[in-house]
Amino acid sequence: MKKIKLLALFVIMFIAINSCKKDDEKQDNNQVEMTENGLVKDVEPMQQDTIIVNSTMNYTVNQPVNQNDFTTTYELTLNNFPTNKVKKGAVIVDNTGKGRIWIITNTPNSHTGQNNKLSGVTVSAFLGSLASLYKNVIIELATPENRAKTASNNPNKLESGKFKFITANGTSTELNINNINIPEYQFNNGISFSTNSNTVNLTFNNFHIYSNANNTLNVTIPNGTIKINNGLDLKMKYNPIEGVIGGVTMSLGALKNLKTSLYTAIDTDLNLNLQATTAGNYNIVDEEATLGHYTKLIPLGYIILSVDVKLKSKLNVNTNAQLNVTPHIINKNNYETRINYDGEHLSNSNMNIFHQNVESNLQTSVTGGFGLSQRLDIYPEVEVYIYGLIGPSGKIIPFENFNANAHLNNGLVTWDENISLGLDYYASMDISLFHYDQQTQSLINSSGNLFETTIYQSPSQTEVISGDNQTGMGGTPLSSPIKIKVTDNLNNAISQTPVFFEIVSGGGSIDNNYVYTNSNGIAEANWTLGNIAGAQSLKIYLKDGNEAIISGTEKIINATATGLSTIPVVETSSVVVVSNTSATSGGTIYSDGGSNIVTKGVCWSISPNPTILDAHTNDGSGSIAYGSTITGLQPNTTYYLRAYATNNTDTGYGDEEQFTTFSGGQNTFTGQTVLVNGGTFTMGSPSGTGNSGEHPQHSVTVSSFRISKYEITNQQYADYMNAIGADANGSVGGVEYLDTNDTDCQISHNGSSFVVDAGKENYPVIEVSWYGAKAYSEYYGGRLPTEAEWEFAARGGNSSNGYTHSGSNTIDDIAWYYTNSGSATHTVGTKNANELGLHDMSGNVWEWCNDWYDSNYYSSSPSNNPQGPNSGVGRVVRGGGWYDNAYYCRVANRNYGSPAYANPTLGFRPVFLP
């Protein structure tokens with residue numbers, strides 16, 4: 001997640017001469033004649049004893065110039081300067097670069113030169129300000145219009161794109177200010193610089209912000225832009241005054257009126273990727289860095305103005321976790337710093353700040369179990385120079401505060417996140433720019449927060465879509481499921497969030513105590529009423545990352561039982577795996593009908609409404625859910641199937657499922673496979689490394705098997721979907737195999753068949769669910785690997801060299817991952833193979849395994865061919881993918897996903913009998 005800062009302060013000019021004789025000034029002011037616009041008649045606008053440094057002249061300074069130091073005497077060595085103008089009180093104006101003004105306070109007693117030019121002559125000088133150059137003039141400067149100025153209600157706006165120099169004799173010089181010159185810029189790798197009119201565009205491409213020494217925290221900007229447009233209005237009026245500088249009496253200018261506004265439009269559109277792995281330790285980061293700089297130059301002949309902009313980042317992270325946070329932040333703001341000065345008093349009250357939030361929007365994705373507090377600022381820090389003297393400086397800091405927590409408990413993840421967007425600022429002006437007496441130096445400044453709003457809170461709210469106030473038979477499931485929708489505070493549907501169901505009264509049951517929301521934000525559960533008559537109720541709610549109920553998400557759902565049932569109540573599971581001769585289904589028993597279940601299973605027939613008099617399985621007794629393997633089927637045949645359960649009184653049947661077996665002779669796997677000879681290896685990570693789910697290390701023996709040399713490709717999977725006649729939306733029998741509706745999917749249906757995006761035929765298939773991966777594997781006579789088989793093969797089997805990643809400790813040699821993938825999958829097999837000749841076991845895409853996930857499974861895992869736990873909330877995925885850092889691509893790393901889950905980082909490879 002992320003943030004950003006900008007600047008906004010521009011030019012201000014003020015002059016006060018402590019050495020002026022106030023009584024004399026009053027007397028002079030009473031005698032002078034003024035013009036209508038407040039200038040003194042018959043007085044020149046600028047200092048007459050002025051030497052303009054041209055291309056034939058140069059000078060050197062005997063020491064580094066201290067910024068805004070008007071008390072130090074400097075020695076200047078002059079070359080090719082006009083002899084008659086080099087004298088005490090003369091003003092040297094250097095218009096090269098950022099410019100510089102000098103006041104000569106002492107010269108050699110005698111100095112001559114050839115052709116009326118001096119060379120090699122050293123004079124004493126002080127730094128000078130605008131007061132030593134301008135003395136009776138009105139200057140107006142307005143850069144081209146920008147969005148912030150257009151939106152401003154400032155009554156003192158100047159005509160944009162104009163410079164005006166107004167004198168007492170009625171003459172006025174007017175110049176057009178077009179695009180501002182940017183002669184100098186430099187940025188770190190991953191940031192490109194361009195300009196469009198007066199807008200500076202900074203484009204980020206895989207820009208690396210931070211990695212700590214042990215690579216447990218990585219923050220990058222995969223892509224995004226920052227656009228900055230500063231506009232300036234400056235109007236100032238000088239009147240003449242006599243003063244003494246360094247013992248030299250000279251005619252100066254006193255600033256009588258100043259109105260200036262800096263209008264800044266800053267737009268941020270950034271994708272942020274923050275990945276952290278801490279293995280029980282905290283990542284705590286507080287780091288500031290300079291990412292680059294550029295200089296704006298406004299040379300008009302009458303004034304030299306330059307703006308130095310440094311792009312800085314500030315990262316604060318406190319995390320204890322394994323996580324991946326990918327917010328997309330859009331924050332557009334207009335900002336104005338306005339200063340009005342009447343020539344008498346200058347204080348912080350002269351500075352006013354105005355702000356308008358144009359747009360704030362955020363999209364985010366969070367995975368992992370973690371506690372996170374993170375703030376990233378990326379902002380321009382600006383310093384404004386007038387003839388090389390620093391004046392205004394400041395920062396405009398659009399920010400995004402991200403706080404998130406998650407709790408992982410035996411595979412159950414509860415989480416919450418809160419994101420606020422806002423704008424901080426700091427604006428200042430160093431008045432010493434306009435003074436010669438150090439004791440009168442001062443600083444006016446203003447800082448604070450302009451706005452902060454909670455733009456994102458998730459999960460935030462629940463809504464009962466259907467299932468409330470139903471009526472049903474006691475001891476039986478209600479006719480309609482309970483459907484709950486979860487959204488964030490912007491009413492966007494939130495997926496992969498557990499909704500908790502809790503019986504309040506009636507003694508009934510829910511098929512799951514919690515259910516994860518699907519891609520539409522819907523969690524669906526079946527409520528079996530208690531076997532008593534009357535009103536019954538249950539409660540639904542969400543939990544945050546600290547396992548506390550999220551306020552406002554609790555809802556009560558009611559139902560009424562009108563009678564009691566003595567027949568077992570059973571639900572038929574979907575037929576999710578179908579081949580030419582077999583299939584898989586099962587059932588869930590919601591009520592035993594008042595007596596013990598003595599047998600249960602599924603029954604099937606080529607005719608509707610099969611019973612236990614037809615072909616059936618016997619899957620034991622008792623009321624727990626069960627799975628059933630159906631064998632002996634005929635190819636290319638339609639079957640009807642129902643779950644059943646029998647108690648001491650009667651047999652109950654579930655709803656009917658219909659499926660068709662595949663045709664025989666078309667299920668030969670044509671991809672390359674590699675033989676993995678059986679062996680014994682150490683599974684998991686040593687204590688103190690990896691994640692808790694990788695502990696303890698333990699010895700495992702696996703039997704021989706063959707495994708696909710490559711991850712299954714888009715073309716292979718499209719051919720399979722066409723062979724089985726899958727629905728156009730990527731589903732089979734109502735079960736999603738391939739999420740073709742996701743824009744990342746590289747396979748689509750053209751109305752008649754599944755086709756692969758051009759050029760992506762040999763990329764690994766993505767957006768495939770566990771059901772789709774399992775069905776593919778079994779269709780070709782194989783299966784998904786167990787987690788133990790996968791890790792044994794990834795480590796190199798009996799030929800293992802003990803690498804951290806599959807095939808090497810140098811991950812770039814063998815894997816497409818976050819650093820080198822370009823945020824995309826790649827053709828399979830283009831990286832080096834591991835010791836067995838297997839490609840992409842680390843990186844490219846995660847790979848489904850057959851096992852359920854349990855973070856504590858290693859503590860009780862069998863040592864011989866472990867098959868994983870009997871149940872869980874997700875199926876194991878292994879290997880890491882193109883979007884993950886090196887940590888997630890280790891051969892020991894474990895992760896999981898809901899079996900119905902499909903995303904652009906998930907693929908698979910099957911295994912077969914040896």
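Predicted model: local features only at pLDDT ≥ 70, side-chain atom pairs only at ≥ 80, totals over all residues.

Biologist: What's up with the phi of Asn 865?

Modeller: Phi is positive there, about 45°, although Asn 865 is not a glycine.

Biologist: And where does Asn 865 sit?

Modeller: In the loop between strand 50 and strand 51 (875-878).

Biologist: What about Ser 823, what's its phi?

Modeller: Ser 823 has a positive phi near 60°, and again the residue is not a glycine. You'll find Ser 823 in the loop between helix 6 (811-814) and strand 50 (846-852).

Biologist: Is Ser 823 buried, exposed or partly exposed?

Modeller: Partly exposed, with 29% relative accessibility.

Biologist: OK, peptide bonds. Is the one from His 695 to Pro 696 cis or trans?

Modeller: That bond is cis, and its omega is near -5°. Pro 696 belongs to the loop between strand 43 (679-683) and strand 44 (698-702).

Biologist: Let's switch to helices. Which residues of helix 3 are buried?

Modeller: Helix 3 spans residues 714-724, and its buried residues are Asn 714, Tyr 717, Ala 718, Tyr 720, Met 721 and Ile 724.

Biologist: Why do those end up on the same side of helix 3?

Modeller: Because they cover an arc of only 160° around the axis.

Biologist: What covers the buried residues of helix 3?

Modeller: The cover includes strand 46 (731-732), strand 48 (747-749), strand 49 (754-756) and helix 4 (770-779).

Biologist: How do helix 3 and helix 4 cross?

Modeller: Their axes come within 11 Å and cross at roughly 80°. That makes helix 3 roughly perpendicular to helix 4.

Biologist: Which residues make the contact?

Modeller: From helix 3 you have Gln 716, Tyr 717, Tyr 720, Ala 723 and Ile 724. Helix 4 brings Gly 772, Ala 773, Ala 775, Tyr 776 and Tyr 779. Notice that Tyr 717, Tyr 720 and Ile 724 are also among the buried residues of helix 3.

Biologist: And what follows helix 3?

Modeller: Gly 725 does, and its phi is positive, near 65°.

Biologist: How many bridges join strand 3 and strand 6?

Modeller: Eight, linking strand 3 (residues 74-82) with strand 6 (residues 117-127) in the antiparallel sense. In that pairing, Phe 81 stands opposite Leu 118 of strand 6.

Biologist: And strand 2 with strand 3, parallel or antiparallel?

Modeller: Antiparallel, over four bridges. Asn 58 stands opposite Asn 79 of strand 3 there.

Biologist: How many bridges between strand 25 and strand 29?

Modeller: Four, with strand 25 (residues 482-487) and strand 29 running antiparallel. Ile 484 stands opposite Ala 523 of strand 29.

Biologist: Last topic, cysteines. How many disulfides turn up?

Modeller: Zero, from a search of the whole structure.

Biologist: Is Cys 745 buried or exposed?

Modeller: Cys 745 counts as buried, at 8% relative accessibility.

Biologist: And Cys 889, buried or exposed?

Modeller: Cys 889 is buried as well, with a relative accessible area of 0%.

Definitions and conventions
Residues numbered from 1 in each chain as written. Heavy atoms only, no water. Buried < 20%, exposed > 50% of the residue type's maximum accessible area, 1.4 Å probe, protein only. Helix = DSSP H or I, 4+ residues; strand = E, 2+ residues; numbered from the N terminus. Arc of directions from axis to C-beta. Contact = heavy atoms within 4.5 Å. Disulfide = S-S within 2.5 Å. Pairing = 2+ DSSP bridges. Axes fitted to C-alpha atoms, helices over the stretch in contact; angles between N-to-C directions. Parallel < 35°, antiparallel > 145°, perpendicular 65-115°, else oblique.
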